[in-house]
Amino acid sequence: MKQPQSELVELSDVIDARYGGKALGLAKLAAAGFPVPAAFVIANADAVDLPAGLEARYTRMTVSGGAVAVRSSASGEDGAVSSFAGQYESVLGVAGYDDLLAAIRHCAASMSSDRATAYRSDTGIFGAMHLVVQEMVDARAAGVVFTADPASGRRDLCVVDAVPGLGESLVDGSASSDHYEVDHTGQITNRQITESPALTDDEVMAVAAGARSAQALWGAPLDLEWAIDRTGGIRWLQARPITTLPGDLNEMDSTVAGEDHVYTRCNIGEMMPGAFCPLTASVSGQAIEYAMQMVQVAGGFQDSYHEDRWLQLGYFSGHLFLNMTEGTALSSGILGNSLEQYSLSIAGRVVPELVPKPPKPFVRRLVNTVRLTTFALSAGRAIRRLDRDLARFDAPSAAEPTALLAELDAAIALYNEATLTHVRSSARSAVAANMLEQTVTREAVRAGRSEDEGRSRAAALMAGATNVESAIMLEHLDDVIGRLAADTTEAEAFLHPDPAEAVTRLIAGDGPTNRTFNEFLRRHGHRGYRELCVRDPSWADDPEGLGTIMQAMLRARLLAGDTARPAHAAPQEGVSRAVRVMARLAQAGARGREATKSRMVLVAHRLSHGYRLLGERLAATGRLPDADLVFFFDRSELPELVGADDVGNLIDQARARRAALAFQARLEFPDVSVGKPVPTRPQPPQETEDGVIIGRPACGGVVEGTVRVATTIAQARELRPGEVLVAPVTDVGWTPYFTLIAALVTDIGSSVSHGAVVAREYGLPCVVNTQGATRLLHTGDRVRVDGDRGTVTLLDHSPAAPSPTTA
């Protein structure tokens, strides 16, 4: 085969990637008018002979006596797929033709290095070595800028790193850089700088603005190198696509209902914690949206259901948010419900950003109040109707994908109604709980006590409800653990294998304990962590997860003996008849709320099985590369997926969404946002006076214990008996751990949240809505939890924890 000949190529003649990504990036920048240092390309620089005219071209570039840089621009390098970062050599400060020739030979030889050869083999990209010879900038400062954050995957952030002088010290790691994050409005939102920053803020924002202009030219996020010369001008040295980004974290975002609307993760974050796949958003998220819109319709605040709009919720960066602004229709349109009460019930505090809607005339508010109250209190009929429908509903299971999708679509209506029934039941529960808390708090204030004491007494009065589904579920599982603990042989047989095998063996046996466990799975197997996610497995589908919980419970029982907690009775002394009636209503509301939640989750569970089966059917026919990918389509995209047309682009989008989910899951948001919620870099809360964290009392009692901070259910598996669980929020998946802990503390929540309800039934001191206990406290700290006053007092820091001044 004929050896390729080297040649000189002017930057203006580079129109595609044949001379490598570095050459093309510079050419595109120069053609678009970006200030780029003079440069030319040596094509096929690894050929035997160098191109004619090289010395003359070099002399013209350096007529003023400046130095040049020689950089690799091999085929495939700095492309959209692979960067080849660090595989090939560059030589800076080349002065003189002899030095140029030496630099060319050095860079060309790097193509044959062991590391570069291995990298090309891994990527499957082979090609010629081209070099860019570029005028060097007499730089006052230099650095790199990413138009998306490669660490978090966020495309709304521009990341700028800068050092004084040349930027090579930044690239090779020999110098610490100043670091800036610039948001989509051009404002610096985070900075980590040295004592003498290399750039002014105006220069940082100018670099970010220039980089975003380049991104618009490419149509994709970029990694650019830049320098600021002695006159203050920005010079662009390199541009290449960022090859390590996941899919766009905001690709599936819903439309903001209003730029001034207030969104929150409170409340909805208890039901739907974390980030969710697109199918969950378009199935479970839309079911909640339907239910909440229909409540607005029932109360006379909305004319009809808008299927094509997200009004009550929002789906941003993979997370679901509650639109509090839409919810203020209730406080302005009915009697006896103020904006402050609404804020407290949702966010646990008054939300000053929330602007009240103009109050409706008295007669209209009276009519709306009657309509909404009737709608909530008549939930019993809806529950009975739902039970009849559930008795006829099985998981969709058609053999052919099109027919299976039709079954799934038909089941959505039942899911919507199950969710609406739960929302109606929750409204009935919330009304009773709010009435009780307001009444008891007013009585406390009149008697000269504090509002916190009133709220604590109200929480105690809500305890003692019988037949609460979550508590029943825990009792049934605890019964299994008690049976295992009572038989040494059975206990050892369950603890010895890995968790999944232990559960599998327990299911397969035919003894009394096995039958009790299988009855637990029959009644409660559809429950679990993040149980409205159609992708995440339930307890019945996750033997490893359930087995891990059960082994922890069994070890705790064997250590502590049979210490089952009695039901936490509500105080009766000094309670008026009216308050007792309200307490019974609140208890009944909690019971109904938990029961309808279980029914709603059952529908979600069966839909989950149906969608997973759809994925398996499509994977078997080659329509999908793997069954799990089905969860990364919006429900509206599924008809195209089961059709006959080419869906290659749609498959690529779904893969990118799946890659994005892990990045979305790491994002945190403020509890309240105006307009589209933007992820935040959370700062540790300032330690309050005397180390006391203030929350809301949810269950009385005082306990001192060692902290276990668990921000995920996986971290909760490390719980030890008697520890204080400190978590962002808890759902049903956390419930089994309540048999181990001494107290519960959560970042968000209310007196009727899941954790509070179950804590009361087990007599666990509980403080909710601390707004940051998971960041202020550390595993190993010792605290006093006062569920009567709603306080958590730090008694002693763990030796392994950061000091309070640096946390």
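A cavity is a set of grid points where a 1.4 Å probe fits but cannot get out. The model shown in these close-ups is predicted.

**View 1. The second largest cavity and its lining.**
The structure holds 4 cavities of 30 Å³ or more. This view shows the second largest cavity, with about 90 Å³ of space. Its lining is made of 13 residues. Leu249, Met252, Pro278, Tyr315 and Gln664 lie nearest the centre of the cavity. Helix H22 gives the largest share of the lining, 3 residues. By class, 5 lining residues are nonpolar, 4 are polar and 4 are charged.

**View 2. Ala656 on helix H22.**
Helix H22 runs over residues 648-665, and Ala656 lies in it. Is Ala656 buried, partly exposed or exposed? Its relative accessible area is 27%, so Ala656 counts as partly exposed; buried would need under 20%, and exposed over 50%. Which residues does Ala656 touch, leaving aside its neighbours within four places in sequence? Ala656 is in contact with Pro246 and Gly247.

The pocket is lined by 47 residues, and the closest to its centre are Pro273, Gly274, Tyr529, Thr711 and Pro728. Four helices are listed as giving two or more residues to the lining: H7 (268-271), H19 (543-560), H23 (713-716) and H25 (773-776). The largest share, 3 residues, comes from H19. The lining has 20 nonpolar, 15 polar and 12 charged residues.

Helix H6 covers residues 201-218, 18 residues in total. At 1.5 Å a residue, H6 should span 26 Å, and its end C-alpha atoms are 26 Å apart, so the two values agree. Which residues of H6 are buried? They are Glu203, Val204, Val207, Ala208, Gly210, Ala211, Ala214 and Trp218. These residues cover an arc of only 165° around the axis, so they sit on the same side of H6. An α-helix has 3.6 residues a turn, so residues three or four places apart point the same way. The face turned away from the buried side carries the exposed residues Asp202 and Ala216. Just after H6 comes Gly219, with a positive phi of about 80°.

**View 3. Asn44, a loop residue with a positive phi.**
Most residues other than glycine have a negative phi. Asn44 is not a glycine, yet its phi is positive, at about 55°. Where is Asn44 placed? Asn44 is in the loop between strand S2 (39-43) and helix H2 (54-61). The relative accessible area of Asn44 is 13%, so this residue is buried.

**View 4. Ser317, between two strands.**
Ser317 also has a positive phi, near 50°, and is a residue other than glycine. The loop that holds Ser317 lies between strand S13 (313-316) and strand S14 (319-323). Is Ser317 buried or exposed? At 3% relative accessibility, Ser317 counts as buried.

Notes. Residues are numbered from 1 along each chain as its sequence is written. This is a predicted model: local features need pLDDT of at least 70, side-chain atom pairs count only at pLDDT 80 or more; totals for chains, interfaces and linings use all residues. Side-chain values use heavy atoms; hydrogens and water are left out. On a 1 Å grid over the protein atoms alone, a cavity is a set of points where a 1.4 Å probe fits but cannot get out, and a pocket is an open set with protein on both sides within 12 Å along at least five of seven lines; lining residues have an atom within 4 Å of a point. Ala, Val, Leu, Ile, Met, Phe, Trp, Tyr, Cys and Pro count as nonpolar, Asp, Glu, Lys and Arg as charged, and the others, Gly among them, as polar. Buried means under 20% relative accessible area, exposed over 50%, partly exposed in between (1.4 Å probe, protein chains only). Contact means heavy atoms within 4.5 Å. Grid points are joined across faces, edges and corners, and a volume is the space filled by probe spheres set on the points. The expected span of a helix is 1.5 Å times one less than its number of residues. The arc is that of the directions from the helix axis to the C-beta atoms.
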